[in-house]
Amino acid sequence: MEPTEEKRREIECLKSDILDHLIRDQAHGAASATRNDWWRAVSLTVRGRVLERAYEARRSGQYRDVKRAYYLSLEYLMGRLLVNNLVNLQILDSCRVALSEMGQDLENIVQESPDLGLGNGGLGRLAACFMDSLATLDLPAVGYGINYEFGLFRQRFVDGQQTESPDEWRRFGSPWEICRPEYAVEIPLYGHVEMQFDELGNGRPVWTGTRSILGVPWDIPAVGYGGNSVNYLRLWESKASRDFDLDVFNRGGYVEAVREKSLSESVSKVLYPNDSTEAGKELRLVQQYFFVTCSLRDIVRRHLAAGNAWESLPDRAAIQLNDTHPAIAVAELMRLLVDDENLAWDDAWAICHKTFAYTNHTLLPEALEKWSVPLFEKVLPRHLQIIYEINRRFLEDHVSKQWPGDIGKLAEMSIIEEGAPKMIRMAYLSVVGSHTTNGVAALHTDLLKRYLFKSFYELFPGRFQNKTNGITPRRWLKACNEGLSALIDRSIGTDWPANLDKLRGLEAFADDPQFQAEFMAVKRRNKERLARLIQERCGITVDPTALFDVQIKRLHEYKRQHLNLLNILTQYRRLLQNPDLDLVPRVYVFGAKAAPGYQLAKQIIHAINAIGTVINNDERIGGKIKVAFIPNYGVSAAEVIIPAADLSEQISTAGKEASGTGNMKLALNGALTIGTLDGANVEIGEEVGDENIFIFGLTVEEVEDLWANGYNPYDLYWADPELKDVIDWLSSTAFAPKGSFDMIRGSLLDGGDPYLCLADYRAYVAAQAKVDEAYRDPARWAKMAILNTARVGKFSSDRTIREYAEQIWGLSPVRV
């Protein structure tokens with residue numbers, strides 16, 4: 001179809017701008033430009049349009065002195081930006097045509113872009129979705145984080161085992177980043193606190209003798225859908241306040257001359273440095289303080305530059321702490337107000353408390369950050385004093401009055417945990433210092449109130465809310481699944497990306513054979529695309545007609561990739577013992593990274609790869625089972641895997657997953673969920689209906705009862721011969737040298753099976769049989785898949801952010 005006159009003008013304008021950027025920025029014409037040159041030229045063309053809109057909006061004056069949300073997060077898992085920005089500017093098709101007319105292919109050009117290595121898992125991806133929704137909803141906001149030189153790590157498999165190498169995503173610069181040296185800030189660290197007295201004999205603590213590093217901000221624009229609003233992600237890079245000591249260099253001290261530079265720049269070098277050593281712990285604390293104080297000083301600068309008084313800070317700034325990583329912000333803002341601005345403690349605390357809100361993302365005690373008092377005293381001595389004072393006042397003014405004489409309650413709720421050494425509970429500091437604490441799924445929030453923060457909830461019941469997580473449909477349907485997006489457009493209209501509840505209109509087509517055929521044809525094409533990726537990355541040939549069973553998430557025991565593995569072994573063993581077994585052919589697809597120091601998680605990866613190698617090459621089973629573990633899983637890989645998935649594995653132990661967002665992305669793209677009643681699975685089940693989800697396993701209450709009554713995994717091991725044989729087979733020499741998987745066996749048996757894989761094994765295998773049964777009926781499966789897509793509109797991050805804005809931040813849209 002020929003483009004309209006308006007579209008033709010848009011296409012010609014894009015062609016002209018791309019060529020200009022090729023020549024002026026890349027020093028190439030169209031004939032000599034490399035694919036990387038084309039990617040940079042197209043990215044700069046798109047960035048220019050985004051920045052023009054941002055400039056026009058700010059020039060209108062409507063952003064002057066408005067209230068903003070400030071989102072503090074150590075992670076932003078952004079992925080690639082080009083296609084997402086083209087979608088949000090609504091020029092994707094025009095850009096594709098423009099490039100085609102210039103002899104280029106957009107899909108090939110996009111492959112030149114590295115994923116922005118600013119995050120690890122769900123926490124960072126959620127923050128990226130929130131940035132998209134904030135701009136789409138015209139809500140003024142800034143996201144603050146760290147501009148890591150290296151991302152988490154680049155994962156490779158050597159003999160089936162994970163190896164890590166640096167993820168140098170910034171090696172050649174990014175066309176999306178804009179350096180803002182005029183807003184650089186100098187940050188103090190270490191030193192000591194001494195009392196200094198004025199001429200009247202009044203003493204005050206002064207943090208002195210410090211070392212300093214420089215925080216340099218880099219901005220990445222975040223444009224909303226429709227292109228009307230643009231917010232910014234401001235990322236801090238650490239630099240030495242003094243780059244180079246020429247005198248030392250001239251005396252021959254070449255290494256010492258740049259020592260300060262190297263130490264300072266290590267702060268923003270790597271996401272999550274290994275904290276198994278004291279030096280690693282110190283670097284992580286410095287890293288957290290660095291990004292928090294840079295961000296707070298930037299917020300304060302903007303507030304004061306508008307002529308505002310300190311007292312109005314809560315009316316102009318809503319600061320959200322994304323998990324406990326930025327919790328030191330509570331103490332730092334108090335330091336800025338009390339020490340630097342000489343506000344009275346009570347006045348400063350009132351400002352602080354009204355400004356901060358805190359999102360909790362985990363129920364796992366080991367994931368709740370604690371820092372030792374000696375480490376704090378070394379790195380942030382003044383902040384330690386302030387935390388002690390916050391704690392003293394909290395215990396005296398609140399806990400002691402609520403529970404008079406209860407010494408146990410004081411110890412339980414104290415921000416300082418007694419021990420050797422004493423520890424600072426950063427989650428408690430976050431709760432005490434914030435006006436609102438929220439969980440990220442209804443079940444998660446309920447468990448926070450009942451267990452993790454039970455006494456805090458009893459003390460401050462009005463402070464706790466739920467904000468079920470969400471995902472942006474622009475990236476996770478419109479951009480990554482163009483075939484399904486086009487089918488939806490033809491069926492219910494084109495306004496659903498900004499109002500995901502409109503997908504309910506697809507319910508009318510769920511029983512329509514023609515629509516079912518089109519829906520499943522889109523799925524088939526997506527599976528063919530994934531099959532090509534598996535061939536390319538793993539060297540494994542898979543059949544797109546098989547059921548694609550997908551588990552993609554961070555590798556952790558509570559997410560139970562090893563339970564999935566036990567089922568794979570069970571099905572493989574059954575096939576070997578009965579080659580005529582009528583089993584639905586399956587491709588089990590995994591994607592996950594294990595933390596470098598998490599040996600059991602790395603052993604699970606090794607086991608999946610080793611067992612997969614044996615299964616994939618066993619001609620006796622006729623290709624009925626294939627196992628593919630895609631290396632270096634990230635956002636770009638997810639954008640291929642998710643649209644192709646038939647089955648979504650969400651099998652965490654009930655009560656361990658806070659929410660999950662992969663479950664939402666997969667359901668939105670027509671995958672059926674097999675899962676426990678954990679995290680957001682509960683709410684997904686409520687939305688899609690019990691008949692369109694496969695729920696199995698123990699509930700939270702049943703897990704509690706099992707532990708209370710005494711759980712011994714050996715009882716199940718000896719009572720279930722098939723389970724016993726599978727575990728023994730796993731730890732034999734059938735798949736790897738003896739001892740290779742002893743840690744897995746030990747965790748399941750002698751280690752007490754802490755995540756109850758054996759307790760849920762039989763229910764899981766039975767649920768998988770129900771999946772087989774449903775998949776054998778193509779019309780039934782198609783209807784279930786369509787209804788999953790149609791009924792998950794609740795899980796748009798637009799809904800989540802609207803709730804934050806209205807119920808926590810008091811933030812209003814600014815429409816230009």
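**Close-up views of a predicted model**

**View 1. Aromatic ring pairs.** The model contains 25 aromatic pairs, where rings of Phe, Tyr and Trp (its six-membered ring) pair if their centres lie within 6.5 Å, with planes under 30 degrees apart counted as stacked, over 60 as edge-to-face and the rest as tilted. The structure is a predicted model, in which local features need pLDDT of at least 70 and side-chain atom pairs count only at pLDDT 80 or more, while totals for chains, interfaces and linings use all residues. Residues are numbered from 1 along each chain as its sequence is written, and side-chain values use heavy atoms, with hydrogens and water left out.

**View 2. The pair of phenylalanine 694 and tryptophan 781.** The ring centres of phenylalanine 694 and tryptophan 781 are 6.4 Å apart and the planes lie at 25 degrees, so this pair is stacked. It joins distant parts of the chain, 87 residues apart: phenylalanine 694 belongs to strand 23 (residues 694-695) and tryptophan 781 to helix 33 (residues 778-790). Helices (H or I, at least four residues) and strands (E, at least two) are DSSP runs, numbered from the N terminus.

View 3. With centres 5.8 Å apart and planes at 90 degrees, the rings of tyrosine 714 and tyrosine 717 form an edge-to-face pair. Both residues lie in helix 29, 3 residues apart, about one turn of the helix. Tyrosine 714 is partly exposed, with a relative accessible area of 27%, whereas tyrosine 717, at 3%, is buried.

**View 4. The buried side of helix 30.** In helix 30 (residues 721-730), the residues Glu722, Leu723, Val726, Ile727 and Leu730 are buried. These residues lie on the same side of helix 30 because they cover an arc of only 130 degrees around the axis, taken from the directions from the helix axis to the C-beta atoms. Their cover includes helix 23 (561-577), helix 24 (599-616), helix 29 (713-719), helix 31 (742-748) and helix 32 (757-775), with contact meaning heavy atoms within 4.5 Å.

**View 5. Charges over rings.** The charged end of arginine 211 sits over the ring of tyrosine 190, 4.3 Å from its centre. Lysine 409 lies over the face of tryptophan 403, 4.9 Å from the ring centre. The criterion is NZ of Lys or CZ of Arg within 6 Å of the ring centre and within 35 degrees of the ring normal.

Key
Buried means under 20% relative accessible area, exposed over 50%, partly exposed in between (1.4 Å probe, protein chains only).
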